[in-house]
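Subject: Structure handover

Hello,

Here is the structure I promised to pass on. Please open it first, then read my notes alongside it.

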Amino acid sequence: MRKGLGVGVAGALAGLVITVAPPAWSQAAPPSPRVQELARDLAYTTAADSLMRQVLEATVQPLTFNLKAANPGREADIDSLFEKTLLPAFRTAMQPVLDSVARNYAARFTEAELKAMVDFYATPVGQKALNELPSLIRRTMVQAQGAMPQLLTPVMREFTAACQRQGLKLPSQ
C-alpha cells in the first residue's frame with residue numbers, strides 16, 4: 001500500500017467534510033434563548049465533567065499526590081486547597097471551551113432534543129453514562145489505533161488495485 005494514497009484519501013475526505021458539513025449544521029436564525037440555555041446545560045453536564053476529569057487525571061492528580069507526599073499529615077489541607085482554589089480556577093479557565101461546546105449544541109439540536117438529552121443525563125443511567133463513557137472511549141480509541149493498520153491495509157491495498165484497474169494514476173509518496 002502506498003502511504004501517500006492513504007494520506008491523500010484521508011485529506012480529501014476531511015476537505016469534503018469541511019466544505020459540506022458547515023452549511024448542513026448552520027441554522028437560518030440564531031437559536032432562541034431557551035435553546036441556548038439548554039445547550040449550555042448540556043455542555044456543562046457532558047463536556048464539563050469529561051474535560052475536567054481528563055485535565056485532573058493528567059495534571060492535577062500527580063500534583064496533589066506529590067504535594068501530599070511532601071507534606072505528610074497535611075492531606076486534608078491539600079484536599080481543601082484543591083477544592084476551594086484549584087477546581088474553581090479550572091472551571092473559570094474552561095469557560096470559553098464550554099461556551100463553544102454550547103454554541104455547537106445549540107446550532108445542531110432542537111429545543112426538544114436538547115431537553116431530552118439534559119433530562120436523560122439527570123437519570124441514574126445518564127449519570128452512569130457520564131461516569132463510564134470517558135474511560136470507555138479512551139480504551140476504545142487505544143484499541144482502535146492498534147487495530148487500524150491491520151484492518152485498513154487490505155482495504156487500501158484493494159482500493160489501490162481498483163484505481164490501477166481503472167487506469168488512474170496514483171500519487172507518489
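Start with Arg34. Its relative accessibility is 32%, so Arg34 counts as partly exposed. The band for that label lies between under 20% for buried and over 50% for exposed. Please keep in mind that this is a predicted model.

**Arg34 and its partners**

Which residue pairs with Arg34 in a salt bridge, with closest N and O atoms 4.0 Å apart? The partner is Glu111. Arg34 sits in helix α2 and Glu111 in helix α5, so this pair ties together parts that are 77 residues apart in sequence. Glu111 also counts as partly exposed, because its relative accessibility is 38%. Glu37 joins in as well: Arg34, Glu37 and Glu111 are linked in a network of salt bridges.

**Other salt bridges**

How many salt bridges does the structure hold? There are 6. Here are two more of them.

- Lys68 forms a salt bridge with Asp79, and their closest N and O atoms are 2.6 Å apart. This pair links distant parts of the chain, with Lys68 in helix α2 and Asp79 in helix α3 (residues 75-93), 11 residues apart. Lys68 has 26% relative accessibility, so Lys68 counts as partly exposed. Asp79 is at 34%, so Asp79 counts as partly exposed too.
- Asp77 forms a salt bridge with Arg74, and here the closest N and O atoms are 2.8 Å apart. Asp77 counts as partly exposed because its relative accessibility is 42%. Arg74 has a relative accessible area of 45%, so Arg74 is partly exposed.

**The chain as a whole**

Now step back. The chain has 6 helices and 0 strands. Along the sequence, the pattern reads α-α-α-α-α-α. Of its 173 residues, 19% count as buried. The accessible surface of the chain is about 12,100 Å², and carbon and sulfur atoms account for 64% of that. Look at the contacts between residues at least 6 apart in sequence: 78% of these join residues at least 24 apart.

**The core**

Which residues make up the largest nonpolar core? It has 11 residues: Val35, Leu38, Ala39, Leu42, Ala43, Ala102, Ala106, Leu114, Tyr121, Ala129 and Leu130. Four helices each supply at least two residues of this core: α2 (33-70), α4 (95-108), α5 (111-121) and α6. Helix α2 gives the most, with 5 residues.

**Helix α6**

Follow α6 next. Where does this helix bend? Helix α6 (residues 124-165) bends by about 45 degrees at Ala147. A proline, Pro149, follows within four residues. Several α6 residues are buried, among them Gly126, Pro134, Met156, Thr160 and Cys163. Ala129 and Leu130 are buried in α6 too, and both belong to the largest nonpolar core. After α6 comes Gly167, whose phi is positive, near 75 degrees.

Leu133, Leu136, Ile137 and Met141 form a nonpolar patch. Together they have about 350 Å² of accessible area. Leu133 is in helix α6. Is Leu133 buried or partly exposed? Leu133 counts as partly exposed, because its relative accessibility is 38%.

Best wishes

Methods. Residues are numbered from 1 along each chain as its sequence is written. This is a predicted model: local features need pLDDT of at least 70, side-chain atom pairs count only at pLDDT 80 or more; totals for chains, interfaces and linings use all residues. Side-chain values use heavy atoms; hydrogens and water are left out. The bend at a residue is the angle between axes fitted to the seven residues ending there and the seven starting there. Buried means under 20% relative accessible area, exposed over 50%, partly exposed in between (1.4 Å probe, protein chains only). Contact means heavy atoms within 4.5 Å. Accessible areas come from the Shrake-Rupley method with a 1.4 Å probe; for residues, only the protein chains shown count as cover. A nonpolar core is a set of buried Ala, Val, Leu, Ile, Met, Phe, Trp, Tyr and Cys residues joined through side-chain atoms within 4.5 Å. Patches are made of residues with over 30% relative accessible area and no salt bridge: like charges are joined within 9 Å, nonpolar side chains (Val, Leu, Ile, Met, Phe, Trp, Tyr) within 5 Å. A salt bridge is a side-chain nitrogen of Lys or Arg within 4 Å of a carboxyl oxygen of Asp or Glu.
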